[in-house]
Structures are given as C-alpha cells and as structure tokens.
Amino acid sequence: MSNTIKRGGFSSSFGVLAATLGSAVGLGNIWKFPYLTGANGGAGFLLIYLLATLVIGLPVMIAEITMGRTAKANPITALQKLSPKKSLPWWLVGVAGMVAAFLILSFYSEVVAWVFAYVVKAIGGSILSSDRHVTESAFSTLISDPVQSLLWQWGVLAFIGGILLMGVTKGIEGITKKLMPVLFLLLMLLCAVSLSLDKAADGLAFLFRPDFSKISAGVILTAMGLAFFKLSLGMGTMMTYGSYFRDDQNIPATTLRVMLADLFVSMLAGIAIFPAVFTFGFEPAAGPALVFITIPAVFSQIPGGQLLMIAFFVLASVAATGAMLSLMEVPVVILHERLGMSRPKATLVTIATLMVLGSSCALTNSTLASFKLFGMNMFDLFDFASSNVLLPLGGILLAVFVGWVWGKDKFQQALSNQGALRNHVTVSAVFFLLRYVSPLLILAVMLKGLGLF
Ligand code: TRP
C-alpha cells in the first residue's frame with residue numbers, strides 16, 4: 001500500500017519496545033495505580049486489575065498494534081483501509097479515539113503539571129518531611145492556586161509540543177530510550193527504603209492480602225478502566241504506535257514484555273508508597289493526592305533524600321512525558337494525515353485546543369471548584385468518561401472489528417509476520433479472546449459498573 005505522506009517510524013527493535021513502554025508507563029503507574037488501589041481496598045482491587053489486564057488488556061493491545069502495523073496509518077485511515085468495502089463506518093472509532101485523547105490529555109497534563117511543579121518544590125526543600133500536615137498542605141496550596149495550576153499546565157503543554165515538533169524517531173524514541181532505565185533504578189531504591197520502615201508489613205498486607213468486601217460493580221469497572229488506561233488502549237494510541245513498528249517485530253512478544261514491565265513499575269510504586277502510608281499515618285484512600293503527600297515522607301527517611309527526591313520527580317516527569325507524547329501523537333497524526341496540516345501546524349492546533357480545554361481541569365480546585373456536570377468536576381468527569389466509558393467502548397469495538405470484520409486469516413497473516421513466526425497457538429488464543437470473550441466481558445462490566453443493568 002502506498003503512502004502519500006512520508007511517515008516516520010521507530011528505527012530499532014529496542015526503540016520499539018522503549019517507545020511502547022514509554023507510552024504505557026507514566027503517571028498511570030506512579031499516580032493512578034497507587035491511589036486507585038488505596039481507595040478501593042488494596043489487594044482485591046489489584047487482583048481484578050491483573051485479571052482485566054490479562055484477559056482484556058493483552059488481546060486488545062495485540063489487536064491495536066497489529067491493525068496499526070498492517071495499515072501503516074493513523075487510526076481513522078487504518079480502520080478505513082482494513083474494513084471491507086461497504087461495511088459500517090468503523091473509522092468513527094478513530095474519531096472517538098481522538099475525542100478520548102483530548103479528554104485524557106486535559107486532566108493528564110494537569111497531573112504532569114503537579115509533577116513538574118514538585119521538581120521545583122523538591123529543589124526548594126520545603127516538602128521533605130514525614131509530617132503529614134506539611135506534605136498535605138504543600139500539595140493543597142499548589143492545586144488550589146489557579147495561576148500556578150494554569151501556568152504549569154501550559155508550560156507542560158508547550159514543552160511536549162516542542163518535543164513532538166522534532167518528529168517521531170528523534171523526539172519520541174530518542175528520549176524515552178535513554179531515561180526509562182533510570183526510573184526503574186530509582187523506584188527500586190525507594191522500595192528498599194520503604195520496606196525498612198516500621199509498619200512496612202501493614203503496607204504490604206494491604207497491597208497483597210485480598211479483602212473482597214470492598215469490591216462492587218463500580219470497583220470492577222474502575223479496575224478494568226485502569227487496565228485500559230495503563231496500557232494506553234482503546235483510543236488508537238497503540239494503533240498509531242503500531243503503525244511505526246517494524247515489519248519483522250514480534251508483536252505478541254513485545255506486547256507481553258511491555259505488559260510485564262509496566263506491571264513491575266506499578267508494583268514498585270505500590271511497594272514504595274503503602275508501607276509509608278501506614279508508617280506515617282497517611283490515609284490510603286487519600287485519592288489523587290496520595291503520591292504527592294507520601295513520596296516526600298519516604299525520602300525524608302534517607303540521607304541525601306532531597307537530591308533523590310529531585311531525581312524522582314524529574315524521572316516521573318520523564319515517564320509522564322513519554323505517555324503524554326503518545327497521547328498527543330493521535331490527534332497530531334490525524335490532523336496531519338487526514339486534514340493535510342503540516343506536522344508543526346497539527347501540533348500547534350492540538351496544543352492550543354488543550355490549553356483551552358485543559359484549563360477546565362487545571363482550575364477544578366480553585367476558580368471552577370463549584371462547577372459540576374453529572375455531579376463531578378471537570379477533572380473527575382474527563383477521567384471517568386475516558387477510563388470508564390470511552391476506552392472500554394473503544395476496546396469493545398476494536399475487538400469486534402478484529403474478531404468479526406477483519407477476520408482470522410488476515411489477523412493470522414499479520415500477527416505471524418506473513419508466516420515468518422510460528423505462533424499459531426498464540427494467534428488462535430488471542431483471536432478467540434477478541435472474538436468471544438473480551439467484547440462481552442467489557443460490555444458486561446461496563447453496563448453493570450455504570451448501573452445500567
Ligand atoms: N498509559 C499511560 C499511563 O499509564 C497513559 C496513556 C498514554 C494513555 N497513552 C494513553 C491512556 C492512551 C489511555 C490511552 O500513564
């Protein structure tokens with residue numbers, strides 16, 4: 001198939017892994033995973049999240065990457081190319097993905113803004129304390145200041161836009177490849193410190209000993225939503241990255257590695273945080289603030305803690321940047337390839353849109369504190385609507401597309417690299433899940449979780 005617009009791509013196999021992992025690993029691991037686990041009762045939630053990742057996340061991720069690599073195009077064009085003539089307007093799934101990208105980016109960029117601001121606060125040193133009143137008030141002062149919130153968010157958006165202007169290979173691949181390994185190391189150090197704290201055992205018990213009394217339909221939906229969010233699924237990010245994959249890349253193997261590495265980072269974050277929560281008397285269900293109030297307390301326990309804390313927030317910024325790049329890549333490549341904008345122009349339009357839309361999230365703890373829709377502020381609403389509605393819906397449609405429209409033969413061809421890989425059993429298993437299991441399971445969890453049946 002010929003492409004009219006010359007497309008970038010990932011140059012090496014390691015680069016593919018790093019960039020895909022760079023999309024998956026982000027504030028989802030360091031911020032969302034710990035706070036959702038904390039708020040929903042710990043190990044029981046963790047278990048459901050694991051199941052959702054295996055039974056739903058993995059197959060949908062393989063489906064998206066395979067579709068992207070086969071079509072070598074943005075999600076809208078990819079769905080058009082892959083669907084048979086006169087079939088339903090499947091490309092609308094790509095449009096919905098773009099909407100989801102804007103919603104996610106609106107609140108995600110604000111959390112990234114907090115992380116960037118924490119780099120500066122860490123340098124100042126005032127947040128390094130195991131006194132919960134100190135760390136809690138530092139966080140609430142930041143988020144309730146409208147000017148700071150907005151300026152940090154806009155700064156983040158401008159920064160990410162700058163990287164995207166450098167293009168796919170140099171920008172995304174170059175940066176994520178270098179910095180991901182350092183984040184792993186620092187998180188492991190944090191775990192070691194946290195495990196040496198007084199009440200480490202209580203923290204671990206919370207994280208690993210299931211208590212199913214907290215599990216409700218809503219919690220199951222949240223766990224599934226997290227599985228989608230974590231692996232960047234259901235809105236075309238992985239399809240877009242798949243379109244930059246090399247043709248000889250082993251997709252199932254890469255996907256499995258990304259899933260495992262991503263899980264590993266989340267577990268590290270959990271092990272770093274919960275022992276400290278119990279030792280210093282934080283509230284496990286503190287919500288979005290959890291990481292920002294707990295992590296400084298852990299660092300306050302070690303010599304050189306301030307420097308390490310600076311490093312931590314810098315690396316968290318890096319992880320968040322990789323994830324944000326992948327989110328933004330979706331609207332940018334759609335505007336570029338579908339509307340014929342140049343890449344720089346597409347980037348600028350995306351950033352400008354986010355500066356406006358995202359400000360509704362930046363100001364939720366200040367100016368817009370009392371502005372609510374469906375009983376939620378914009379930050380919570382965008383988060384809820386994306387993770388619990390749009391991403392699962394996208395997941396259902398993509399699974400149905402591969403399982404019932406694209407069909408087993410083409411899927412088999414693509415996933416085995418035109419027969420070069422002997423992975424019949426894997427392909428059949430994934431196809432079975434996509435055709436019969438994932439769509440129904442997602443639908444059931446969604447309807448029940450939203451209270452619709
Ligand atoms: N997976 C990223 C994280 O955990 C966030 C992310 C990046 C994302 N791209 C996405 C979430 C696409 C949903 C869809 O931080």
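## Basis of the model

Local features of this predicted model require pLDDT of at least 70 and side-chain atom pairs count only at pLDDT 80 or more, whereas totals for chains, interfaces and linings use all residues. Residues are numbered from 1 along each chain as its sequence is written, and side-chain values use heavy atoms, with hydrogens and water left out.

## Largest pocket

A pocket is an open set of points on a 1 Å grid over the protein atoms alone, with protein on both sides within 12 Å along at least five of seven lines; a cavity is a set of points where a 1.4 Å probe fits but cannot get out, and lining residues have an atom within 4 Å of a point. Grid points are joined across faces, edges and corners, and a volume is the space filled by probe spheres set on the points.

The largest pocket holds about 240 Å³ of space. Its lining consists of 16 residues, with Tyr35, Leu36, Thr222, Asp383 and Asn388 nearest the centre. Two or more lining residues come from each of α2 (27-39), α10 (217-230) and α16 (378-406); helices are DSSP runs (H or I, at least four residues) numbered from the N terminus. The lining comprises 7 nonpolar, 6 polar and 3 charged residues, where Ala, Val, Leu, Ile, Met, Phe, Trp, Tyr, Cys and Pro count as nonpolar, Asp, Glu, Lys and Arg as charged, and the others, Gly among them, as polar.

The model has 3 cavities of 30 Å³ or more. The largest cavity has a volume of about 130 Å³. It is lined by 17 residues, and Ser23, Tyr108, Phe229, Ser232 and Leu327 are the closest to its centre. At least two lining residues are supplied by each of α1 (13-24), α5 (92-124), α10 and α14 (305-339). By class, this lining has 10 nonpolar, 6 polar and 1 charged residues.

The second largest cavity contains about 40 Å³ of space. Leu27, Ile30, Trp31, Val115, Val291, Phe292, Phe312, Phe313 and Ala316 form its lining, to which α2, α13 (290-299) and α14 each give two or more residues. The class counts are 9 nonpolar, no polar and no charged residues.

## Contact of α16 with α18

The axes of α16 and α18 (residues 424-449) come within 8 Å and cross at roughly 155°; axes are lines fitted to C-alpha atoms, for helices over the stretch in contact, and angles run from 0 to 180 degrees between N-to-C directions. The two helices are therefore roughly antiparallel (angles over 145 degrees).

Contact means heavy atoms within 4.5 Å. Among the residues in contact are Asn388, Pro392 and Trp404 of α16, and Phe431, Arg435 and Met446 of α18. Asn388 also lies among the residues nearest the centre of the largest pocket. The contact residues divide into 15 nonpolar, 4 polar and 1 charged.

## Contact of α6 with α13

Helix α6 (residues 132-143) and α13 have axes that come within 9 Å and cross at roughly 140°.

Thr135, Glu136 and Phe139 of α6 meet Phe292, Ile293 and Pro296 of α13. By class, this contact has 4 nonpolar, 1 polar and 1 charged residues. Phe292 also belongs to the lining of the second largest cavity.

Methods: Parallel < 35°, antiparallel > 145°, perpendicular 65-115°, else oblique.
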